[in-house]
Amino acid sequence: MARNRKLRGEVFLNIPYDDKFENLFLAYIAGISAFGLVPRATLEIRSSSRRLEKILRMIGACRYSIHDLSRVELDRRAPRTPRFNMPFELGLVVASRRRTRGGKHKWFVCEARHLRLLKSLSDLNGTDPYIHDGKIVGVFRELCNIFRKPDRQPTVQQMSQIYREMRRNLPAILRNSASDSLYKARVFKDLSVAAKIFAEGIVL
Amino acid sequence: MTVRIDSRFATANETADVLGVSRQRVKQLKKLIYASMKARRASGISWTAPAGSRKAPQVACARIAAKKSRMMSPGSLRTKPSRKSNAPRRTLKRGKKSKTAR
C-alpha cells in the first residue's frame, strides 16, 4: 500500500499491553486520532524475528513518540519481573533521536503519579513528564498540553466523545476480528481506523 | 513543551494506508459503525453523526427540548435536600432527656 509522503503525523505509542491499561489504551488512540495524527505501536509487528530492527524502523518513521511509564511494575505472577519494554524503547528513541528524521523527532513521557519518575528514572531529571493520574480525562488533558493544532484544536469533550464511540463499537470490532483482546495487531489497526472515522465526524 | 502540529488531518483512508489496512476493511468498519449508530438512533439514544449527515442535529435538538419541557413542568419541582427538616429523627422515651438538655 503506497504511503502518502506528505503525511508526517505519526505517533509511536510506547504503552503497556495489559488488561488494567485498556481504558487508557483506548484513550490514547482516541486522543491522538482527534489531533489528526496516526497512532503506531509495536502491536503491529507480528513476527518475532528481527523485532528490534522493526521497532527501530517504526520509530524512525514517526515524528513523535509518547512513552507511558505508569505501569513499569512487578508482574504478579511468578517469576515476579518488572516490565522493562517501555523504558527500553524510550532509551532507543532518545539514543536514535539524532538520526531519526534529521533530529526532528520529539518524545514525551507520561506518568500517573507526580515525582515517581524522578525516583525510578533519575536520568530523566530535567524532563517534565506529563501526569495523567491514571485517568482517561487525564490522558486527554495531557495530550492537549503536548500537542497544539492551530487550525482545529480538539477539545477534551470531543476526545471523550470519540472514546465513548470506540467503547460502544468495541464488542463488534472484537467479534469481527475473532479476538477477545485489544492487544492484537488487527484489533489495534481496526480501532485506529474506527477512531479516525469518529474523529472526522466529531472534530472536523 | 507544546508541539505545534503542522501536518494535515489524516483521514480514515490515509490512516488505513499507513497501517496497512485494506480499503475493503475500511468500508466494512464504516458499515459496522453506521449500522450501530442507526440502531441507537432508532432506539432514541443520542449518537454522533458522521460528517455529511443532516439528521443528527435534529435528534440532538429534540432531546434537549424534551429535557427542557420536563424541567419546566410543575410536577418536576421536588423537595430539594436543603428544604428537608433538620429535626432529630430519634424520639426520646417518656421522662428521658436529650444529651444537650442534660
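Predicted model: local features only at pLDDT ≥ 70, side-chain atom pairs only at ≥ 80, totals over all residues.
User: How does A:Glu53 count: buried, exposed or partly exposed?

Analyst: Residues are numbered from 1 along each chain as its sequence is written, chains are lettered from A and ligands numbered from 1 in the order written, and side-chain values use heavy atoms, leaving out hydrogens and water. Buried means under 20% relative accessible area, exposed over 50%, and partly exposed in between (1.4 Å probe, protein chains only). At 42% relative accessibility, A:Glu53 is partly exposed.

User: Which residue meets A:Glu53 in a salt bridge?

Analyst: A salt bridge puts a side-chain nitrogen of Lys or Arg within 4 Å of a carboxyl oxygen of Asp or Glu. The two partners are four residues apart in helix H2 of chain A, about one helical turn; helices are DSSP runs (H or I, at least four residues) numbered from the N terminus. Here the N to O distance is 3.7 Å, and the partner of A:Glu53 is A:Arg57.

User: In helix H7 of chain A, what is the relative accessibility of A:Asp190?

Analyst: Helix H7 is mostly covered, with 16 of its 18 residues buried. A:Asp190 forms a salt bridge with A:Arg186 at 3.6 Å, and A:Arg186 is partly exposed at 37%. A:Asp190, by contrast, counts as buried, at 2%.

User: Which element of chain B has the lowest mean pLDDT?

Analyst: Chain B averages a pLDDT of 71. Helix H1 (residues 12-19) has the highest mean, 94, while the lowest, 50, belongs to helix H3 (residues 56-72).

Methods:
Helix = DSSP H or I, 4+ residues; strand = E, 2+ residues; numbered from the N terminus. pLDDT = per-residue confidence, 0-100.
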